[in-house]
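Trainee: I have a sequence and a model to read. Could you show me how to go about it?

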Amino acid sequence: MIRPSYAAMMAVYNRRMNARIYASAARLDDAVRRCDQGAFWRSIHATLCHLLWADEMWMSRLDGWDRPRANLADSGDDVESFETLTIGRHQADVRLAAWADRLDDQALAAPLTWFSGAANMMMTADRAALVVHLFNHQTHHRGQVHAMLTRAGERPGDTDLWLVMAEAD
């Protein structure tokens, strides 16, 4: 089982990596951010939209956040402007870190039951495993964005957890 310190560390890693990714993406023209590059969610913009959507969806289950208004299939198109997306990402990262700082062993040990729109059924799973999934999902799609940014000529920097965590805020 993971400990609350894992979630706190990953929330910091998440915030730092998102700051890098968004800074790199902001230097690109909007057309480049929206260009279909063959990724699962097509483009940089759509992948970042999906990531914010997924974080909000999981946190609605884990911490009572409002559910995103879009469904999974539309999550890549959920936020139109990059500026609005950037603000939403920052706000979510702040809230995610605050949640991780409040997390305790009892909360991680409790199962979580929710309705999954993707599976179209009620689900129950180990909450600690779902917290790992939350951060793993972020890392997975952020890696895709990192590759698309690199392809566009940006250099978002190292992604290794130990290097990113060694940096000062």
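**Reading loops and helix packing**

Mentor: Start with a loop residue. L103 sits in the loop between α4 and α5 (105-109). Helices here are DSSP runs of H or I with at least four residues, and strands are runs of E with at least two, numbered from the N terminus. This is a predicted model: local features need pLDDT of at least 70, side-chain atom pairs count only at pLDDT 80 or more, and totals for chains, interfaces and linings use all residues. Residues are numbered from 1 along each chain as its sequence is written, and side-chain values use heavy atoms, with hydrogens and water left out.

Trainee: Is L103 buried or exposed?

Mentor: Buried means under 20% relative accessible area, exposed means over 50%, and partly exposed lies in between (1.4 Å probe, protein chains only). L103 has 12% relative accessibility, so it counts as buried.

Trainee: Which residues does L103 touch?

Mentor: Contact means heavy atoms within 4.5 Å. Leaving out residues up to four places away in sequence, L103 touches P4, A7 and L108. Compare that with G157, 54 residues from L103 along the chain: their C-alpha atoms are separated by 30 Å.

Trainee: Where does S75 lie?

Mentor: S75 is in the loop between α3 (44-63) and α4 (82-102). Its relative accessibility is 0%, so S75 counts as buried. Not counting residues up to four places away in sequence, S75 touches W41, C49, H50 and W53.

Trainee: What lies 2.8 Å from a polar atom of the side chain of S75?

Mentor: The backbone oxygen of L72 does. For polar contacts, look for a pair of N or O atoms within 3.5 Å; within protein, one must be able to donate a hydrogen and the other to accept it, and residues adjacent in sequence count only if both atoms are side-chain atoms.

Trainee: Now a helix residue. Where is the place of N18?

Mentor: N18 belongs to helix α1. With a relative accessible area of 3%, N18 is buried. Its side chain makes a polar contact with the side chain of R142 (3.3 Å). Leaving out residues up to four places away in sequence, N18 touches R89, D93 and R142.

Trainee: At what angle do α1 and α6 pack?

Mentor: Axes are lines fitted to C-alpha atoms, for helices over the stretch in contact, and angles run from 0 to 180 degrees between N-to-C directions. Helix α1 (residues 4-26) and helix α6 (residues 127-151) pack at about 20 degrees, with axes 11 Å apart. Angles under 35 degrees count as roughly parallel, over 145 as roughly antiparallel, 65 to 115 as roughly perpendicular and the rest as oblique. So α1 and α6 are roughly parallel to each other. Residues making this contact include M10 and N18 of α1 and F135 and R142 of α6.

Trainee: How many nonpolar, polar and charged residues does the contact of α1 with α6 have?

Mentor: Ala, Val, Leu, Ile, Met, Phe, Trp, Tyr, Cys and Pro count as nonpolar, Asp, Glu, Lys and Arg as charged, and the others, Gly among them, as polar. The contact of α1 with α6 has 13 nonpolar, six polar and one charged.

Trainee: What about α1 and α4: at what angle do they pack?

Mentor: About 165 degrees, with the axes of α1 and α4 8 Å apart. Therefore α1 and α4 are roughly antiparallel to each other. Among the contact residues are N18 of α1 and R89 and D93 of α4. By class, the contact of α1 with α4 has twelve nonpolar, three polar and four charged residues.
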